[in-house]
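Let's take a walk through this one together. Have a look at the chain first, and then we'll go through it piece by piece.

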Amino acid sequence: LFRSIQMLIKRATGKDCKQELRSQVFQDFKTHYGNHCNDKTCLYDGIKELIQKLKDNGFKMAIVSNKADFAVKELQSIYFQGNILVAIGEQEDKGIGKKPVPDMVFEAMRQLECEKEKTVYVGDSEVDLKKEKNAGLPCISTLWGFRDKEFLQSQGAIHLAKEPKDVFTILQNGEV
């Protein structure tokens, strides 16, 4: 994400812009985004209940996102504190590749001390499907997020959750 943001800033400021100004614009962006990352953010209906049910049933959970790491951690603390213990955002500067590279998933598994054979990825896009394939993990694709059923199936989705409660049902029934 930071590389993407920096490229956007470079394009917006033009080729003759001094690096010091670009650096200041980037710092200003990070400050603004950090202060406003929750402005238009809310949980989908049923997510709070799903997360609680998963936790109550012994599931370990992590958030893995290509968004800025500081913002992912901020939103995790607002919405999931105590329920989702690991939140990982873009950390390419630390050598952790972003989606669809599986590095963030592997890092989350490491932090949660989870075995690959007991890990399932839940996502809402073709990038998530590519990441789960690259990680060698089963995936539950959600239909309330970024993409619709037909598109996800065209990208190889097998396990589809129409509503958040379906994620628990798929896991409970051992479908993945």
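Predicted model: local features only at pLDDT ≥ 70, side-chain atom pairs only at ≥ 80, totals over all residues.

S1 (residues 62-68) and S2 (residues 86-90) run parallel and pair over four bridges; strands pair if DSSP finds at least two bridges between them. Helices (H or I, at least four residues) and strands (E, at least two) are DSSP runs, numbered from the N terminus. To get from S1 to S2, the chain passes through helix H4 (residues 69-79), in a right-handed β-α-β crossover. Right-handed means that, with the strands pointing away from the viewer, the path from the first strand over the helix to the second runs clockwise.

Now for the rings. The whole structure has four aromatic pairs. Rings of Phe, Tyr and Trp (its six-membered ring) pair if their centres lie within 6.5 Å; planes under 30 degrees apart are stacked, over 60 edge-to-face, and the rest tilted. One of the pairs is Phe 59 with Phe 168, edge-to-face, at 6.4 Å centre to centre and 75 degrees between the planes. These two are 109 residues apart: Phe 59 sits in the loop between helix H3 (47-56) and S1, while Phe 168 belongs to helix H8 (residues 164-172). Phe 168 is buried at 6% relative accessibility, and Phe 59 is partly exposed at 34%. Here, buried means under 20% relative accessible area, exposed over 50%, and partly exposed in between (1.4 Å probe, protein chains only). Elsewhere, ring pairs link Phe 29, Tyr 33 and Phe 70 into a cluster.

Arg 110 is exposed, at 56% relative accessibility, and its side chain makes a polar contact with that of Glu 107 at 2.6 Å. Such a contact is a pair of N or O atoms within 3.5 Å; within protein, one must be able to donate a hydrogen and the other to accept it, and residues adjacent in sequence count only if both atoms are side-chain atoms.

Last, the cysteines. There are zero disulfides, a disulfide being a pair of cysteine sulfur atoms within 2.5 Å. For Cys 42, the nearest cysteine sulfur is that of Cys 37, 13 Å away.

Note on methods. Residues numbered from 1 in each chain as written. Heavy atoms only, no water.
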